[in-house]
Amino acid sequence: VVLALAPGGDQRFVLGVGASLVGLIGVALVAPTLVISFFGLLRPLLGRGAVGELAIDGARRSPRRTASTAAALMIGLGLVTGALVLVNSMKVSIGGKFDRQVGTAAAAVNGWSLTDSTVKTIASVPGVQQVQTVAFGRMLHKGVTKDVTALSTSGPSLFNLEVTKGVGLEKLKQDEVLIYKDVFDDGIQVGSTIDVVFRQTGKQQLKVVGVFSNNTTTSNYIVSTDTARANVRELTYSRMLVSGEKTGESETTALVKRIESATSGRGVEVQTIAAAAKANNAQMDGFLGFIMGLLGVSMVIALLGVVNTMALAVLERTREYGMLRAVGMTRRQIRQVIRREAAAVSVFGAALGLFVGLPIGAVLVRGLSSIGVDRVTVPVSQVAMVTLVALLAGVVAAIVPARRAAKLDVLAAISHT
């Protein structure tokens with residue numbers, strides 16, 4: 001909680017990961033002390049009738065074993081939930097800020113090395129109203145390497161940086177810099193001068209003239225193209241924003257085709273802003289799919305733990321099940337006892353997973369505020385679906401142990417020691 005409310009910092013995401021791991025371990029350690037009270041609360045749901053009473057009592061009989069089984073499920077579900085919260089928060093935060101920052105542009109041109117010649121070619125394409133260049137580089141500040149973005153400042157800017165203090169991009173001059181709000185929060189003030197080091201020109205001084213709050217497609221330090229050109233021998237661009245004379249969807253699509261034709265063979269990629277936004281979301285969905293695949297392995301391991309626990313319970317209670325069969329309990333009821341106990345353990349693990357997973361997601365989102373992720377979004381339907389799948393899988397994992405218990409020979413089970 002303290003970390004989630006802490007001010008910005010370059011190491012906050014790493015601290016968030018560390019705090020999440022500590023939280024998982026802490027909950028896993030205290031889980032045995034929660035077993036008795038939790039299953040007491042769960043009794044009205046799963047403990048009705050003789051079968052339910054036996055299932056709940058079986059789960060409470062060995063708190064440490066029940067907690068260790070639930071902890072495996074808790075870790076898997078907790079990490080999945082945290083990943084869902086993180087990725088969906090990134091999509092909402094970055095997606096919304098992307099639209100606000102570059103929504104006035106018609107298209108984006110990307111390439112490894114876009115030159116001034118390419119800029120002139122694009123600017124001469126019929127229908128192009130304005131071209132704004134973007135270059136990325138690095139500099140040293142206080143001995144730490146910082147990413148810096150160089151933007152052209154001639155004409156109205158196609159970037160909405162959401163300036164909160166000082167001047168905006170249109171008034172940015174040579175040897176001046178705009179800083180992101182997290183940098184401002186770290187103690188750098190508007191009007192102050194910062195010492196930086198460029199590889200080509202060495203030590204330089206930049207005057208801070210403004211603070212901005214939208215860094216979706218930029219770094220935390222922004223200088224003019226003139227400043228970058230004065231400190232870089234051969235300045236090349238990696239992106240350009242293009243605005244069109246007409247803003248309709250069909251006109252924008254036609255403009256993109258004309259730019260593609262004019263820059264054919266120059267190794268550039270031209271996209272409408274809408275297509276670029278979709279590509280960003282697709283990348284985050286791919287990241288989520290990768291994470292979910294890895295965490296799916298942990299869920300399988302957790303379910304194997306449920307199988308092992310229930311199989312061990314059947315072995316230890318062989319004589320007990322034989323006595324229950326002898327006094328009239330049916331094979332079907334024996335299977336129900338095992339399945340309900342597995343369901344109770346799965347509910348316990350799922351509850352712990354949600355208890356730690358949602359805060360983990362919130363802490364990681366807070367740790368990424370320096371790259372523009374500032375809204376915690378809980379995908380309720382996705383979290384509910386994953387939780388339901390975990391619960392159902394826990395019950396399915398108990399099928400084999402339940403069958404084994406139901407098939408026990410009554411006399412052999414009673415004489416079992």
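Phe38, Phe39 and Phe348 are joined into a cluster by ring pairs. Rings of Phe, Tyr and Trp (its six-membered ring) count as a pair if their centres lie within 6.5 Å; planes under 30 degrees apart are called stacked, over 60 edge-to-face, and the rest tilted. Before we go on, a word about what you're looking at. This is a predicted model, where local features need pLDDT of at least 70 and side-chain atom pairs count only at pLDDT 80 or more, while totals for chains, interfaces and linings use all residues. Residues are numbered from 1 along each chain as its sequence is written, and side-chain values use heavy atoms, with hydrogens and water left out.

**The ring cluster**

Searching the whole structure turns up four aromatic pairs. Take Phe38 and Phe39: their ring centres sit 5.7 Å apart and their planes meet at 90 degrees, so this pair is edge-to-face. Phe38 also pairs with Phe348, and here the geometry is tilted, with 4.9 Å from centre to centre and 45 degrees between the planes. Where do Phe38 and Phe348 lie? Phe38 is in helix H2 (residues 12-46) and Phe348 is in helix H11 (residues 331-367), so the pair ties together parts that are 310 residues apart in sequence. Helices here are DSSP runs of H or I with at least four residues, strands are runs of E with at least two, and both are numbered from the N terminus.

How open are these rings to the outside? We call a residue buried under 20% relative accessible area, exposed over 50%, and partly exposed in between (1.4 Å probe, protein chains only). Phe39 is buried, at 0%, and Phe348 is buried too, at 1%. Phe38 has 21% relative accessibility, so it counts as partly exposed.

With a relative accessibility of 8%, Leu24 counts as buried. Leu24 and Val356 are 332 residues apart in sequence, yet their C-alpha atoms are 6.7 Å apart in space. Which residues does Leu24 touch, not counting residues up to four places away in sequence? They are Met74, Ile75, Leu79, Val356 and Ile360. Touching, or being in contact, means having heavy atoms within 4.5 Å.

**The chain as a whole**

Now zoom out. Of the 417 residues, 47% count as buried. Among contacts with a separation of 6 or more, 80% involve residues 24 or more positions apart.

**A few residues to look up**

Thr218 lies in the loop between strand S7 (202-212) and strand S8 (221-224). Is Thr218 buried or exposed? At 9% relative accessibility, Thr218 counts as buried. Leaving out residues up to four places away in sequence, Thr218 touches Gln101, Phe136, Thr149, Phe159, Leu161 and Phe212.

Glu269 belongs to strand S10 (residues 268-272). Its relative accessibility is 44%, so Glu269 counts as partly exposed. Leaving out residues up to four places away in sequence, Glu269 touches Ala108, Val109 and Asn110.

Ala279 is in helix H9 (residues 273-316). At 27% relative accessibility, Ala279 counts as partly exposed.

Here are some C-alpha to C-alpha distances, with the separation along the chain:

| Pair | Apart in sequence | Apart in space |
|---|---|---|
| Leu24 and Val356 | 332 residues | 6.7 Å |
| Glu269 and Val109 | 160 residues | 5.6 Å |

**Two backbone angles**

Lys142 has a phi near 60 degrees, a positive value in a residue other than glycine. Lys142 lies in the loop between strand S2 (128-141) and strand S3 (144-151), and at 70% relative accessibility Lys142 counts as exposed. Glu162 has a positive phi as well, near 55 degrees, and is a residue other than glycine. You'll find Glu162 in the loop between S3 and strand S4 (163-166).
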